[in-house]
Amino acid sequence: MTRIAAVHGALAPYRFAQAEITDMVARACLPEGGDRRVLDRLHRNAGVRARHMTLPLDRYETLAGFGAANDLFIGTATDLGARVVREALRTAGLSAADVDLLVFTSVTGVAVPSVDARVAGRLGMRPDVRRVPLFGLGCAGGAAGLARVHDFLLGRPGQVAVLLSVEVCSLTFQRGDASTANLVATGLFGDGATAVVACGSQRAGAFTGPTIVDSRSRLYPDAGGVLGWDIGDSGFKVVLDPEIPQVLRHHLADDVGEFLGEHGLKPQDVTAWVCHPGGPRILDAVTEALDLPAEELAFSWRHLAEVGNLSSSSVLHILRDTLAERRPPPGTPGLLLAIGPGLACELVLLSW
């Protein structure tokens, strides 16, 4: 049994209304005098009212290349990461010296030494702390990270693990790129971080959070080109195919049904669905595929509207909100799920 002891989330410092961001994108991405009706429609339909970003809006118009953006990622991810880990440990009543494993996931920048090493040093974690930096999982990284933490603690039931997710999505926006994929991304993604503290079964009695029961990864290799990055001189250029919802409609019900069935459960037994808010079409596809009442994904829709898609951090923010505002009855099952490049689906079975 793995017990979640604390979840702490934070957002980047600058908050902008969607309309303000749309105006910036029009200046930065469209040709001078270009028709912005498609941009306006895409941003309006994203289901986002406001987002948090790392820089003032005018900085994005002049940001010079991948190197400068990645340097900002490293500094931001280290600062924000240290902040959320410190607060999550404080909430759990633990110290940095108690941490045996630090898992870090991000898909919006690269660093060597990795961000987890920088955070560990800043917070004073032990020199023998194990570190696992994960890159490339995209929006599925938060769910996959929880699963890997669970795998580790099953074999080390007396230890403590921390999952850290930091995504600075705004630094990946491509100037001068009027492609539909870039315009959709600039209307959808925001910046934020989350830390989850978890402990093995021998320490679980000290905490009241949910337990991780099991996890399942599902890779759809026939859909490998529908989501990800094209990495070039200008940095991370988004690949975002409109076929993603159709892949989910085709596969998700069977995958979820089979996974729950292995534990003697059915979808109607789940008392809370913690679903990554990939966008309105993704949430609609999940609702349709799993035949869920609309209110089951209310936290996901609210998160999308208030802060946008934080990539791997979003599903962890929604887990935090579920625990804080509408904790299900003790002992009932929950399912946390997210979709990422691969195309892949990550499922984590919880017991509240």
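**Ground rules.** I number residues from 1 along each chain as its sequence is written, and side-chain values use heavy atoms, with hydrogens and water left out. Because the model is predicted, local features need pLDDT of at least 70 and side-chain atom pairs count only at pLDDT 80 or more, while totals for chains, interfaces and linings use all residues.

**Cores.** I looked up the nonpolar cores, each a set of buried Ala, Val, Leu, Ile, Met, Phe, Trp, Tyr and Cys residues joined through side-chain atoms within 4.5 Å; buried means under 20% relative accessible area, exposed over 50% and partly exposed in between, with a 1.4 Å probe and protein chains only. The largest core has 93 residues, and those with the most contacts inside it are Val85, Met125, Val197, Trp273, Leu335 and Leu343. Helix α4 (residues 65-92) gives the most to this core, with 11 residues; helices (H or I, at least four residues) and strands (E, at least two) are DSSP runs numbered from the N terminus. Apart from this core lies another, of 28 residues, which includes Leu146 and Leu319.

**Helices α4 and α5.** I then followed α4 to α5 (residues 115-123), and found that the two pack at an angle of about 50°, with their axes 9 Å apart. Axes are lines fitted to C-alpha atoms, for helices over the stretch in contact, and angles run from 0 to 180 degrees between N-to-C directions. α4 and α5 are therefore oblique to each other, since angles under 35 degrees count as roughly parallel, over 145 as roughly antiparallel, 65 to 115 as roughly perpendicular and the rest as oblique. Contact means heavy atoms within 4.5 Å, and among the residues that meet are Phe73, Ala77 and Val85 in α4 and Val115, Val119 and Leu123 in α5.

**Helix α9.** I noted that α9 is mostly covered, as 8 of its 11 residues are buried, including Pro280, Leu283 and Leu290. These buried residues pack against α8 (244-261), β11 and α10. Aspartate 291, which follows α9, has a positive phi, near 55°.

**Helix α10 and what follows.** In α10 (residues 298-307) I listed Phe299, Ser300, His303, Leu304, Ala305 and Val307 as buried. Glycine 308 comes after α10 with a positive phi, near 80°. Is serine 313 buried or exposed? Serine 313, in the loop between α10 and α11, is buried, with a relative accessible area of 0%. Not counting residues up to four places away in sequence, serine 313 touches Ser165, Val166, Glu167, Gly192, Ala193 and Thr194.
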